[in-house]
Amino acid sequence: MSIMSNAKRALAIAAASATLFSMAACGSSNAAGSKSDSSSAASSGKIEVVASINQWGSVAKDLGGSNVEVTNIMTKTNVEAHDYEPTSQDVAKFGTAKVAVVNGADYDPWATKAAQSTKATLVTAAETAGIKEGDNPHVWFSAKVRSNTADTITAAYQKADPSHKDDYAKLNKDWHAKEDQLESKIKDTSSKTENLPYAATESVAWYLADDLKMTDATPKGYAQASANESEPTPADIKDFQDTLKVGSIKMLVFNSQEANSTTDQITGAAKDANVPIVELTEQMPKQYTNLLDWMSALVDQFAAAVK
């Protein structure tokens, strides 16, 4: 697992705090624009929602339907998510939202800081399952977190817009029906993947692999270096390559969003050893507008990679 460095994390939080202070103290053209957007949303009767990342934004949209207007801050897979530095415009969007959806677990601390300084009802996905700072933050890959977060978002909508309470309850039921289908697919696929030893260049999809009952066999030295956001030693890399070569790892999970010369060596060794590679990203790719569809496609990839 890779996490944002302490220095960049501090800078991002400081930027969020400075922007909010500036907006409150003297206003700005960005703040004025946000008020105009807010007035537009209010006149349409929609709940204004801001999500730090597009995968949670898609869930917020599915659960709100035509009654909400959702803005996603992070949407691109060519940006290292842990190192994302918000713009003043990004932070300002939280100032007019009625509901803010963030990931938590120190994945998007700038967004949490921005939302906490507003009147928006804050939904923190990681907290719905007791996942804390220092734990694996890629919680959208977890069936439990997805389900708990959906229910928390629905409760926030019903609080903000009680006149449409029944609408939100129905949308929640419809969403859970799709999540149930996904979890059924995960259960079926786990009959092929249970106890299958896999390794990962980064533990992005750990929760999904766990739901698939797979066994994380990433060499310890490399895994620890990745978790600490430090460079693996040449010995760590060689150990990983050798482990792939002897065939004890049956699948490699590769986060292409964090590709570098080290991961090139690892994926190269996997190809040489004919070890199947499941390639994925942290952020939801642009061809998907729905988190559940993306997860379903990934489950298909894992199933197809089993020899």
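The model is predicted, so local features require a pLDDT of at least 70 and side-chain atom pairs count only at pLDDT 80 or more, while totals for chains, interfaces and linings use all residues. Residues are numbered from 1 along each chain as its sequence is written, and side-chain values use heavy atoms, with hydrogens and water left out.

The chain has twelve helices and eight strands. These elements are DSSP runs numbered from the N terminus: helices are H or I runs of at least four residues, and strands are E runs of at least two. Of the 307 residues, 50% count as buried. Buried means under 20% relative accessible area, exposed means over 50%, and partly exposed lies in between (1.4 Å probe, protein chains only). Contact means heavy atoms within 4.5 Å. Among contacts between residues at least 6 apart in sequence, 67% join residues at least 24 apart.

Strands E7 (residues 251-255) and E8 run parallel and are joined by four bridges. Two strands pair if DSSP finds at least two bridges between them. Val-278 in E8 is the bridge partner of Val-253. From E7 the chain passes through helix H11 (residues 261-272) to E8, in a right-handed β-α-β crossover. Right-handed means that, with the strands pointing away from the viewer, the path from the first strand over the helix to the second runs clockwise. In a regular strand the side chains alternate between the two faces of the sheet.

Helix H7 (165-193) has 29 residues, and its end C-alpha atoms are 40 Å apart, which agrees with the 42 Å it should span at 1.5 Å a residue. The expected span is 1.5 Å times one less than the number of residues. The buried residues of H7 include Tyr-168, Trp-175, His-176, Leu-182 and Ile-186. Strand E1 (47-53), H3, H6, H8 and H12 pack against the buried residues of H7. Just after H7, Asn-195 takes a positive phi of about 70°.

Helix H12 (residues 291-304) has 14 residues. From first C-alpha to last it reaches 20 Å, close to the 20 Å expected at 1.5 Å a residue. Among its buried residues are Leu-291, Trp-294, Met-295, Leu-298, Val-299 and Phe-302. Their cover includes helix H3 (54-64), H6, H7, helix H8 (206-211), E7 and E8. Asn-290 caps the N-terminal end of H12, with a side-chain oxygen 2.8 Å from the backbone nitrogen of Leu-292.

The structure holds eight aromatic pairs. Rings of Phe, Tyr and Trp (its six-membered ring) pair if their centres lie within 6.5 Å; planes under 30 degrees apart count as stacked, over 60 as edge-to-face and the rest as tilted. Tyr-84 and Trp-110 form a tilted pair, 5.6 Å centre to centre with 45° between the planes. Tyr-84 lies in the loop between strand E2 (68-74) and helix H4 (88-94) and Trp-110 in helix H5 (residues 109-116), so the pair ties together parts 26 residues apart in sequence. Tyr-84 and Trp-110 are buried. Trp-140 and Phe-141 form another tilted pair, at 5.7 Å and 35°. Trp-140 is buried at 0% relative accessible area, and Phe-141 is buried at 0%. Tyr-107, Trp-140, Phe-141 and Trp-294 form one aromatic cluster.

Asn-136 sits in the loop between strand E4 (121-124) and helix H6 (143-160). Asn-136 is buried, with a relative accessible area of 11%. Its side chain makes a polar contact of 2.8 Å with that of His-138. A polar contact is a pair of N or O atoms within 3.5 Å; within protein, one must be able to donate a hydrogen and the other to accept it, and residues adjacent in sequence count only if both atoms are side-chain atoms. A polar atom of the Asn-136 side chain also lies 2.8 Å from the backbone oxygen of Ser-203.

Positive phi values occur in loops as well. Ala-105, not a glycine, has a positive phi of about 60°. Ala-105 is found in the loop between strand E3 (99-102) and H5, and is buried at 12% relative accessibility. Lys-213 has a positive phi near 65°. Lys-213 lies in the loop between H8 and strand E6 (215-216), and is partly exposed at 44%.
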